[in-house]
Amino acid sequence: MYAGGRLLLMQLQVLLVAGTHGNEINGIWLFEQCEKSPFLINTHGIKTIKVIGNPEAKKAGTRYIDNDLNRSFLAESFSSMNSSNLEGVRANQLVRLYGNQGENPCQIVLDFHTTTASMGSCLVVYGRREADLALASLIQNRLGLPIYLHETDKKQTGFLVESWPCGLVIEIGPIGQGLLNSKIISQTKLILENFLEQIQQVKNLNLLFPEKLIIHRHIKSIDFPRDEEGHIDGYVHSLRQSKDWQPLKKNDELFYKLNGETIRFEEDESFIPVFINEAAYMEKNIAMSFTKRELWKFKPEWKQSLIDLIN
Ligand SMILES: [Zn+2]
């Protein structure tokens, strides 16, 4: 299309975000190294824009300043431009600059996080958008990463990736907040390069989608045990600590109290726990989340949705 003599082509751009939480610093560090050595990451010819999600929180060494940025991408805060908190303003700014309709439009976003839970690396998909499921399938097929499908949790909304037509969160752990770790950095680089390689393959219509994908579907989150005043009076049981992704059966140990009481898993069906004792979720009253492991058949319309977005 020509406009004013200028050739306008909608070029695919992928937004890469690290430091949406200011104390998750491995991705931030990797991006900073890329500034010094632009060829550090093999982008497979895909145009990318790298941003630090919450630079103010990064400076302060905290997860956020006023509110969790990754719960601030809400329609109501976008409608009022005089948002009174730093993260509301930043969420607006990111969408204005890099949203699909933004000044420098990106169609896909990859949001790199770290977790203190012993989850290894996984992908988080929010809801059941077709392009997200297609892209997650490609990465699971390539790297074998688990997919955590986050949905139907009305208390947890306003995630960054939901403001782009396609977007996934990458969680890598375990790592303490504010620490650099060689394994986490190399995992971040590996996963990022594989994403860009797969996106390039979709662009070239050189597609290898799997027939099935394994989904860990969010069921619910549970709180720590608390006394009458609401103070935490028990901790994650030693047999449950660091046992993310390992199925729970009835009567398995969940929490231990110093009075000797063990709190057990009482559901009849088996759930798979994730984000066990994640440091950042204590303030959200989440000790761990339960998921159900499901085998889903890959749908052709997912593939078409991703192809339409990329080409
Ligand atoms: Zn995070």
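Colleague: Which residues are buried in α6?

Modeller: In α6 the buried ones are Ile184, Gln187, Thr188, Ile191, Leu192, Phe195, Leu196, Gln198, Ile199 and Val202. They sit on the same side of α6, because they cover an arc of only 160° around the axis. That arc is taken from the directions that run from the helix axis to the C-beta atoms. Buried means 20 or more other C-beta atoms within 10 Å of the residue's own, exposed means 12 or fewer, and partly exposed is in between, with C-beta atoms placed from the backbone. Before you go on: this is a predicted model, where local features need pLDDT of at least 70, side-chain atom pairs count only at pLDDT 80 or more, and totals for chains, interfaces and linings use all residues. Residue numbers start from 1 along each chain, following the sequence as written.

Colleague: OK, and what's exposed on the other side of α6?

Modeller: Ser182 and Lys183 are exposed there. As a rule, residues three or four places apart point the same way, because an α-helix has 3.6 residues a turn.

Colleague: What follows α6?

Modeller: Leu205 does, and its phi is positive, near 55°.

Colleague: At roughly what angle do α6 and α7 cross?

Modeller: Roughly 90°, with the axes of α6 and α7 (residues 300-310) coming within 9 Å. The axes are lines fitted to C-alpha atoms, for helices over the stretch in contact, and angles between N-to-C directions run from 0 to 180 degrees. The two helices are therefore roughly perpendicular to each other. That label covers 65 to 115 degrees, while under 35 is roughly parallel, over 145 roughly antiparallel and the rest oblique.

Colleague: Which residues of α6 and α7 meet?

Modeller: From α6 there are Ile199, Val202 and Lys203, and from α7 there are Leu306, Ile307 and Ile310. Contact here means that the C-beta atoms, placed from the backbone, lie within 7 Å.

Colleague: Switching to sheets. In what order do the nine strands come?

Modeller: β4-β3-β5-β8-β6-β7-β9-β14-β13, in an open sheet with mixed pairing. At the edges are β4 (47-52) and β13 (272-274), each pairing on one side only. From one strand to the next the twist averages 30°. Two strands count as paired if DSSP finds at least two bridges between them.

Colleague: In which sense do β3 and β5 pair?

Modeller: Parallel: β3 (residues 13-18) and β5 (residues 108-114) share five bridges. For Val17, the bridge partner in β5 is Asp111. Then helix α5 (residues 130-143) packs on the sheet, touching β6 (121-126), β7 (147-150), β8 (166-172) and β9 (212-222), and its direction makes about 40° with that of β8. Helix α6 (residues 182-203) packs on the sheet too, touching β3, β5, β6 and β8, at about 165° to the direction of β5.

Colleague: How many of the residues in β8 are buried?

Modeller: Seven of its seven. Cys166, Leu168, Ile170 and Ile172 point one way from β8, and Gly167, Val169 and Glu171 point the other way. In general, side chains in a regular strand alternate between the two faces of the sheet.

Colleague: How many bridges join β5 to β8?

Modeller: Seven, and the two strands run parallel. β6 and β8 are antiparallel, over four bridges, and Cys122 stands opposite Glu171 in β8.

Colleague: What about β9 and β14, how many bridges?

Modeller: Ten, with β9 and β14 (residues 288-297) running antiparallel. Arg217 has Lys292 in β14 as its bridge partner.

Colleague: Last one: is Gln246 buried or exposed?

Modeller: Exposed, with 11 other C-beta atoms within 10 Å. Gln246 lies in the loop between β10 and β11.

Definitions and conventions
Contact = placed C-beta atoms within 7 Å.
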